[in-house]
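Open the structure in your viewer and get ready to select residues.

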Amino acid sequence: MPEGKIIKALSGFYYVQGENSELIQCRGRGVFRKNKITPLVGDHVVFQAENETDGYILEVLERKNELVRPPIANVDQAILVFSAIKPDFSPLLLDRFLVLVESNDIKPIICISKTDLISNELLQEIQEYAKIYREVGYHVLLTSTKEREGLDQLLPLLDNQISVFAGQSGVGKSSLLNTLRPDLELKTDEISSSLGRGKHTTRHVELIEVGSGLVADTPGFSSLEFLTIELDELSYCFPEIYDAGANCKFRGCTHISEPKCAVRQGIEDGSIAQFRYDHYVSFFEEIKDRKPRY
């Protein structure tokens with residue numbers, strides 16, 4: 001049986017790209033619903049073509065990772081788009097996104113957009129945040145679609161990768177993709193002045209070709225819940241905290257209240273940013289207080 005990749009999911013249909021780049025509109029087998037299997041965009045599948053355009057998905061092959069919101073599988077990297085203004089840059093929300101993608105073994109790339117709209121004073125503040133995240137080890141780009149700043153650096157990063165563009169509504173994900181590939185003409189909306197955020201302009205998940213890579217323009221969202229991350233996994237999602245934790249006196253140190261904690265020492269000597277540690281503590285408490293799932 002032929003194999004392919006789900007490129008788009010819409011209204012109960014899955015559009016599968018076969019080995020010869022043909023696109024087959026498929027339905028999932030009834031057994032998927034019985035076994036609670038939901039095919040996702042990005043899935044590698046075995047399918048059966050009924051004719052040149054229609055068929056059925058017979059099997060979903062093993063995934064290397066998957067995201068719940070947005071629903072997509074087998075992602076190589078996440079382009080986390082955060083605007084410098086409108087909506088304002090939020091390190092707290094960025095760190096939530098970073099924890100989500102780190103926990104799914106997805107490489108994050110931070111993209112701070114709309115840099116042409118801010119004052120020199122705010123630009124210096126944004127650049128300081130960028131410096132801190134780069135020192136942690138993250139790839140950070142400052143971009144402007146109006147002035148095409150940073151786009152020449154972004155495009156090569158997409159080659160031969162499945163990338164997901166994620167971030168709040170209104171931060172400019174669709175505008176970035178429209179600039180990288182103008183023929184897409186993805187819909188964009190102005191920021192709502194009363195809500196301070198954009199309208200959801202992306203209604204479904206679809207993989208589109210940008211350069212020699214595949215990119216998912218995904219529905220924006222403004223909150224994340226840590227539903228599957230356990231307390232002992234959280235430090236893995238903060239690279240600088242994980243690295244410093246190797247020097248803590250006690251094995252299994254949570255870096256909250258234990259004595260001779262190398263992480264808290266790192267805050268004192270400036271090698272760990274205070275705001276990053278504060279977010280770690282906040283997320284730790286959130287996970288600890290999470291209601292059990294049955």
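What follows is a walk through a cavity and then a pocket.

Before you select anything, note that the model is predicted: local features need pLDDT of at least 70, side-chain atom pairs count only at pLDDT 80 or more, and totals for chains, interfaces and linings use all residues. Residues are numbered from 1 along each chain as its sequence is written, and side-chain values use heavy atoms, with hydrogens and water left out.

**Stop one: the cavity**

A cavity is a set of points, on a 1 Å grid over the protein atoms alone, where a 1.4 Å probe fits but cannot get out. The count is 1 cavity of 30 Å³ or more.

Select Leu-67, Pro-70, Leu-100, Val-101 and Ala-166. Of the 10 lining residues (an atom within 4 Å of a point), these lie closest to the cavity centre.

Now colour β8 (77–83), α2 (91–103) and β11 (162–166). Each gives two or more residues to the lining. The largest share, 3 residues, comes from α2. Helices (H or I, at least four residues) and strands (E, at least two) are DSSP runs, numbered from the N terminus.

What kinds of residue line the largest cavity? The lining has 10 nonpolar, no polar and no charged residues. Nonpolar covers Ala, Val, Leu, Ile, Met, Phe, Trp, Tyr, Cys and Pro; charged covers Asp, Glu, Lys and Arg; the others, Gly among them, are polar.

**Stop two: the second largest pocket**

A pocket is an open set with protein on both sides within 12 Å along at least five of seven lines. This one holds about 380 Å³ of space. Select Val-68, Leu-100, Glu-225, Leu-227 and Thr-228, which lie nearest its centre among 13 lining residues. Both β6 (66–67) and α2 give two or more residues to this lining. The lining divides into 7 nonpolar, 3 polar and 3 charged residues.

Terms used
Points joined across faces, edges and corners; volume = space filled by probe spheres on them.
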